[in-house]
Amino acid sequence: MSEKEVDSGNSSGEIDYVKWFSEVAKDDIKFVGGKGANLGEMYSAKFPIPPGFVVSAQSYRKFVEENKIDVKIKETLEGIDVEDTKALNEASKKVRELIESGEIPEEMKDEILESYDILDEGKVNTGRVSSAAADILRTSHEKPFVAVRSSATAEDLADASFAGQQESFLNVKGDADLLEKVRKCFSSLFTPRAIYYRTKNGFDHNEANLAVVVQKMVDSDKSGVMFSVNPVGTGKLKDSV
């Protein structure tokens, strides 16, 4: 099965637009990407991570197909010389503008915003609430700040690593801002760096998929980047977290 030909993620054949961290694990990378799957594992192991959900890779695929962007992406990137920096940047800009101007299907939009409302109330373990309850939540509370993070389905493979090629956004607040940042994450699948890397490594652009993690922001006492060292081998810095 190619990456493009992902199934819906449930037995009924309907698309799961959203998956909570509590619903995913390491075997769900094709639905929620590497970051989403790892957060699901951490949540289930009771690590103290901020609560959140994932807009699935199937949502991205439906979005580009319903807006007929997949055809335009293929036309724009076909035969591009990725060594031509100007041409690469122009192609990336064109594809990203197409995606960011696309309309999110209503059912997908409703499920994302309903999940955002549930996240506001901290009810991430309850799964879903009725539409009436969601309406009350939407109007009775100030929206929380969230991080909106890209989670590609091919971030870390045995022979390739796409980590760091897509975008994430912090301190996102409100329905309109959230939906805008989801589209921007979708479009970041086509940054110049990502296009270049896929072309050089023989990956089909139209088979690339991306999920989006939406995670509640927390006020940190300290923050930074941690590097780990491979305990077997050279001892050189290997991975960033």
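This is a short walk through one protein chain, from its overall make-up to a few individual residues.

Please keep in mind that the model is predicted.

Let's start with the whole chain. There are eight helices and seven strands. The chain has 241 residues, and 44% of them count as buried. The accessible surface is about 12,900 Å². Carbon and sulfur atoms supply 50% of that surface. Now look at contacts with a separation of 6 or more. Of those, 71% join residues 24 or more positions apart.

Next, helix packing. Take helix H2, residues 57-66, and then H3. Their axes are 5 Å apart. The packing angle is about 80°. Angles from 65 to 115 degrees count as roughly perpendicular, so that is the term for H2 and H3. Which residues meet here? From H2 we have Tyr60, Arg61, Phe63, Val64 and Glu65. From H3 we have Ile69, Asp70 and Ile73. By class, this contact of H2 with H3 holds five nonpolar residues and three charged ones. It has no polar residues.

Stay with H3, which spans residues 69-77, and move on to H4, residues 85-100. These two helices pack with their axes 10 Å apart. The angle is about 175°. An angle over 145 degrees counts as roughly antiparallel, and H3 and H4 are therefore roughly antiparallel to each other. On the H3 side, the residues are Ile69, Lys72, Ile73, Thr76 and Leu77. On the H4 side, they are Ala91, Lys94, Val95, Leu98 and Ile99. The contact of H3 with H4 has seven nonpolar residues, one polar and two charged. Notice Ile69 and Ile73 in H3. They meet H4, and they also meet H2.

H3 has one more link to show. Asp70 is among the H3 residues that meet H2. The backbone oxygen of Asp70 is also reached by the side chain of Asn206, at 3.2 Å. Where does Asn206 lie? In the loop between helix H8, residues 192-200, and strand S5, residues 210-216. Is Asn206 buried or exposed? Its relative accessible area is 13%. Buried means under 20%, so Asn206 is buried.

Lys184 has a relative accessible area of 23%, and is partly exposed. What does Lys184 touch, leaving out residues up to four places away in sequence? Arg96, Glu100, Glu167 and Phe169. Ile99 comes in here too. Lys184 and Ile99 are 85 residues apart along the chain. Their C-alpha atoms are separated by 7.8 Å. And Ile99 is one of the H4 residues that meet H3.

Then Thr191. This residue sits in the loop between H7 and H8. Thr191 is buried, at 8% relative accessible area. Again leaving out residues up to four places away in sequence, Thr191 touches Ser92, Arg96, Gln165 and Glu167. Two of these names have come up already. Arg96 and Glu167 are also touched by Lys184.

Another threonine, Thr153. Thr153 is in the loop between strand S3, residues 145-152, and S4. With a relative accessible area of 10%, Thr153 is buried. What does the side chain of Thr153 reach? The backbone oxygen of Asn209, at 3.2 Å. Thr153 and Asp28 are 125 residues apart in sequence. In space, they are 9.3 Å apart, C-alpha to C-alpha.

Last topic, backbone angles. Most residues other than glycine have a negative phi. Two residues here have a positive value. One is Lys46, with phi near 65°. Lys46 lies in the loop between helix H1, residues 29-44, and strand S2, residues 52-55. Lys46 is exposed, with a relative accessible area of 75%.

The other is Asn171. Its phi is positive, about 55°, although Asn171 is not a glycine. Where is Asn171? In strand S4, residues 168-173.

Note on methods
Residues are numbered from 1 along each chain as its sequence is written. This is a predicted model: local features need pLDDT of at least 70, side-chain atom pairs count only at pLDDT 80 or more; totals for chains, interfaces and linings use all residues. Side-chain values use heavy atoms; hydrogens and water are left out. Helices (H or I, at least four residues) and strands (E, at least two) are DSSP runs, numbered from the N terminus. Buried means under 20% relative accessible area, exposed over 50%, partly exposed in between (1.4 Å probe, protein chains only). Contact means heavy atoms within 4.5 Å. Accessible areas come from the Shrake-Rupley method with a 1.4 Å probe; for residues, only the protein chains shown count as cover. A polar contact is a pair of N or O atoms within 3.5 Å; within protein, one must be able to donate a hydrogen and the other to accept it, and residues adjacent in sequence count only if both atoms are side-chain atoms. Axes are lines fitted to C-alpha atoms, for helices over the stretch in contact, and angles run from 0 to 180 degrees between N-to-C directions. Angles under 35 degrees count as roughly parallel, over 145 as roughly antiparallel, 65 to 115 as roughly perpendicular and the rest as oblique. Ala, Val, Leu, Ile, Met, Phe, Trp, Tyr, Cys and Pro count as nonpolar, Asp, Glu, Lys and Arg as charged, and the others, Gly among them, as polar.
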